[in-house]
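Q: I would like to learn how to read a protein model, one feature after another. Please give the general idea each time, and then the case at hand.

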Amino acid sequence: MQHAEIIYDGIDSKSSFDDIINKVINECFKNEGLNSLKLYASITLTNSEKIRELNRQFRNIDKETDVLSFPMFEPNEIEEMKTQNYKEDEVLGDIVISINKVEEQAKEYGHSFERELSYMCVHSFYHLMGYDHMIESDKDIMRAKEDEILNKLHITRDE
């Protein structure tokens with residue numbers, strides 16, 4: 001089962017993007033015990049202008065960002081869905097990724113486009129799951145989960 005619905009807004013679609021996203025999101029769902037549920041993440045790939053507009057609209061920050069995450073459930077609701085083997089076909093949340101920023105940050109950090117897009121997917125997935133990085137202890141937990149997924153998929157910073 002595919003757990004990602006991929007939408008292209010303002011950029012051309014690419015099967016290589018779809019392949020990366022599906023691989024990462026499916027591993028995230030598997031790792032978090034959501035594999036048997038009909039939940040999915042809606043992922044929009046877009047450009048600098050459109051993500052800036054969304055950032056201004058939803059966060060009142062008038063600048064481009066790399067990724068936005070919009071969870072649909074509280075962490076306790078997700079846990080309840082897992083225990084009840086929830087069968088509704090519903091969106092776990094919405095993710096919006098700026099492909100311009102992925103390209104820019106891959107160069108800036110000295111790793112591949114695939115690694116940066118993969119990181120954006122796993123990072124935003126864990127925001128949908130209720131994780132955050134505002135305080136150091138929470139950041140450590142979130143980073144460990146992100147690293148676990150990327151390591152399982154052999155997607156390293158060297159790529």
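Q: Are α5 and α6 parallel, perpendicular or oblique to each other?

A: This is a predicted model, in which local features need pLDDT of at least 70, side-chain atom pairs count only at pLDDT 80 or more, and totals for chains, interfaces and linings use all residues. Residues are numbered from 1 along each chain as its sequence is written, and side-chain values use heavy atoms, with hydrogens and water left out. Helices (H or I, at least four residues) and strands (E, at least two) are DSSP runs, numbered from the N terminus. Axes are lines fitted to C-alpha atoms, for helices over the stretch in contact, and angles run from 0 to 180 degrees between N-to-C directions. Angles under 35 degrees count as roughly parallel, over 145 as roughly antiparallel, 65 to 115 as roughly perpendicular and the rest as oblique. Here the axes of α5 (residues 113–128) and α6 come within 10 Å and cross at roughly 135 degrees. α5 and α6 are therefore oblique to each other.

Q: In which hand does α5 pass α6?

A: A crossing is left-handed if the near helix is turned anticlockwise from the far one by less than a right angle, and right-handed if clockwise. The crossing of α5 with α6 is right-handed.

Q: Which residues of α5 and α6 meet?

A: Contact means heavy atoms within 4.5 Å. From α5 come Arg115, Ser118, Tyr119, Val122, His123, Tyr126 and His127, and from α6 come Met142, Arg143, Lys145, Glu146, Ile149 and Leu150. For classes, Ala, Val, Leu, Ile, Met, Phe, Trp, Tyr, Cys and Pro count as nonpolar, Asp, Glu, Lys and Arg as charged, and the others, Gly among them, as polar. In these terms the contact of α5 with α6 has six nonpolar, three polar and four charged residues.

Q: At roughly what angle do the axes of α1 and α6 cross?

A: The axes of α1 (residues 15–31) and α6 (residues 136–152) cross at roughly 120 degrees and come within 10 Å. That makes α1 oblique to α6. α1 passes α6 in a right-handed crossing. Val24, Glu27, Cys28 and Asn31 of α1 make the contact with Glu148, Ile149 and Lys152 of α6. By class, the residues of this contact are three nonpolar, one polar and three charged.

Q: How many salt bridges does the structure hold?

A: Side chains of opposite charge can pair when their charged atoms come close. A salt bridge is a side-chain nitrogen of Lys or Arg within 4 Å of a carboxyl oxygen of Asp or Glu. The structure holds nine salt bridges. One of them joins the side chains of Lys145 and Glu32, at 3.1 Å from N to O. This pair links distant parts of the chain, with Lys145 in helix α6 and Glu32 in the loop between α1 and β2 (40–46), 113 residues apart.

Q: Are Lys145 and Glu32 buried or exposed?

A: Buried means under 20% relative accessible area, exposed over 50%, and partly exposed in between (1.4 Å probe, protein chains only). Lys145 counts as buried at 18%, and Glu32 is buried at 9%.

Q: Which residues are linked with Arg56 in a network of salt bridges?

A: Arg52, Arg56 and Asp62 are linked in such a network. The side chains of Asp62 and Arg56 meet at 2.7 Å, N to O. Asp62 is partly exposed, with a relative accessible area of 42%, and Arg56 is partly exposed at 39%.

Q: What separates Glu79 and Lys82 in helix α3?

A: Glu79 and Lys82 are three residues apart in helix α3 (residues 75–83), so about one helical turn separates them. Their side chains meet in a salt bridge of 3.0 Å, N to O. Glu79 is partly exposed at 41%, and Lys82 is partly exposed at 25%.

Q: Which residues does Thr46 touch?

A: Thr46 lies in strand β2 and counts as buried at 1% relative accessibility. Not counting residues up to four places away in sequence, Thr46 touches Asp9, Ile11, Ile51, Val96, Ile97, Ser98, Ile99 and Asn100.

Q: Where is Thr65?

A: Thr65 is in the loop between α2 (48–59) and β3 (67–71). Thr65 is buried, with a relative accessible area of 14%.
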